[in-house]
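Please look at the sequence and the model before reading the points.

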Amino acid sequence: MSKTDRHDIDDNEIRVISKTGSGDKPRGGNRRLGLLAAAMLCLAAIAAAVYLMTVGTEKEELPVKTSEPSELALPEITPVTETTAASSKPYCEITDTVAGGHRFLLLTPRQATPSLGLGAKALADTSAALAVQAADIRRDNGNIVGAYVLQGKLLSKGQAKSGFCAIINGKMTIGVADSTPLLEQALETDGYFFRQYPLVVGGQVVENKPKGKSLRKALAEIGGAPTVVLSRDKMAFGDFSRALAELGATNAIYLVGSASYGFAIDQEGRKIDFGVPGETSSLPENTNYLIWR
């Protein structure tokens, strides 16, 4: 058989073998299969790209969960000092401290004027930077204990306790005296006046009869500035007085303690509640407050 026979090839020749027996048909079939495969791969790539874009968009549109700031609990209060941003609004400088082995919170009003207020309306004052109960109320008849002057009006008479706070022309005086001309001045100048137990006089501790332990509050002169002092631990009167002297109080009188409600506004505008708020509608008519605004 000659070299031209289909079954013989030279070393430099290539023969394509297929089941069809024709060299043209398999080439065309392979091309179509390749194009089909390429088209399928292209469609798959497009589908994958669309899926990824859709997933990304859905993730971006998911709502972000946020939480409203909660009121600061007493043990979580962060002290605010005068080094923070300046503000023209009244505020309280709040300091955590320890004295005599007990924990205290010092509330020092800044850029604020003191006054007295009566009833639930006093708590609703949105301009107030600090509010705390002041004079005691009798349990039997609900009257204020001791002399009490509100904007020049005498609402209650009597001495009862020798400690006093007088506010005349916006200036506060804390002291101890059975009789003081500041009471008359408060009446004559539309001022304010109330009486309470004395705790510290001239840096010296004053002993008081009540011996039980309770959460205590005081109005003290510390560093020349009026400061409300709250105890975080239950204390006897004597221990409270000694701690106030250790804190540097030159003069201090008692304020309504235990769970009596009050609040302070720090320099950041956050409200700090202390005591038990209760329903303002159920407050005794003569519930009274020392307020800075």
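Two strands are said to pair if DSSP finds at least two bridges between them. Helices (H or I, at least four residues) and strands (E, at least two) are DSSP runs, numbered from the N terminus. This is a predicted model, in which local features need pLDDT of at least 70 and side-chain atom pairs count only at pLDDT 80 or more, while totals for chains, interfaces and linings use all residues. Residues are numbered from 1 along each chain as its sequence is written, and side-chain values use heavy atoms, with hydrogens and water left out.

**Overview and confidence**

- The secondary structure of the protein chain comes to four helices and 17 strands.
- Buried residues (under 20% relative accessible area; exposed is over 50% and partly exposed in between, with a 1.4 Å probe and protein chains only) make up 40% of the 293 residues in the protein chain.
- A contact means heavy atoms within 4.5 Å. Among contacts in the protein chain between residues at least 6 apart in sequence, 65% join residues at least 24 apart.
- The average pLDDT (the predictor's confidence in each residue, from 0 to 100) of the protein chain is 79, and 69% of the residues score at least 70.
- Over residues 1–7 pLDDT stays under 50, and the model has seven contacts beyond four places in sequence for them.
- Where pLDDT is low, the predicted coordinates should not be read in detail.

**Strand pairing**

- Strand β1 (residues 91–99) and strand β2 (residues 102–110) run antiparallel and are joined by nine bridges. Within this pairing, V98 stands opposite R103 in β2.
- β1 and β2 form a hairpin with two residues between them, and G100 in the turn has a positive phi of about 60°.
- β2 also pairs with strand β13 (residues 225–231), in the antiparallel sense and over four bridges. Here L105 stands opposite L230 in β13.

**Aromatic rings**

- A pair of aromatic rings is described by the distance of the centres and the angle of the planes. Rings of Phe, Tyr and Trp (its six-membered ring) pair if their centres lie within 6.5 Å; planes under 30 degrees apart count as stacked, over 60 as edge-to-face and the rest as tilted.
- How many aromatic pairs does the structure hold? It holds five.
- One of them is the stacked pair of F164 and F193, at 5.7 Å centre to centre with 10° between the planes. F164 lies in strand β7 (residues 163–168) and F193 in strand β9 (residues 192–196), so the pair ties together parts that are 29 residues apart in sequence.
- F164 is buried, with a relative accessible area of 5%, and F193 is buried, with a relative accessible area of 0%.
- The ring centres of Y197 and F237 are 5.5 Å apart and the planes stand at 70°, so this pair is edge-to-face. Y197 lies in the loop between β9 and β10 (198–201) and F237 in helix α4 (residues 237–246), so the pair ties together parts that are 40 residues apart in sequence.
- Y197 is partly exposed, with a relative accessible area of 26%, whereas F237 is buried, with 3%.
- Y197, F237 and Y254 form one aromatic cluster.

**Nonpolar cores**

- A nonpolar core is a set of buried Ala, Val, Leu, Ile, Met, Phe, Trp, Tyr and Cys residues joined through side-chain atoms within 4.5 Å.
- The largest nonpolar core has 28 residues, of which L107, L116, M172, F194, L219, V228 and L290 touch the most other members.
- Apart from this core lies another, of 18 residues, among them F240, A243, L247 and Y254.
- The buried residues of α4 are F237, G238, F240, S241, A243 and L244. Just after α4, G248 takes a positive phi of about 100°.

**Loop residues**

- Q111 has a positive phi of about 55° although it is not a glycine. Q111 is found in the loop between β2 and β3 (114–118) and is partly exposed, with a relative accessible area of 48%.
- Q151, another residue other than glycine, has a positive phi near 50° and lies in the loop between β5 (148–150) and β6.
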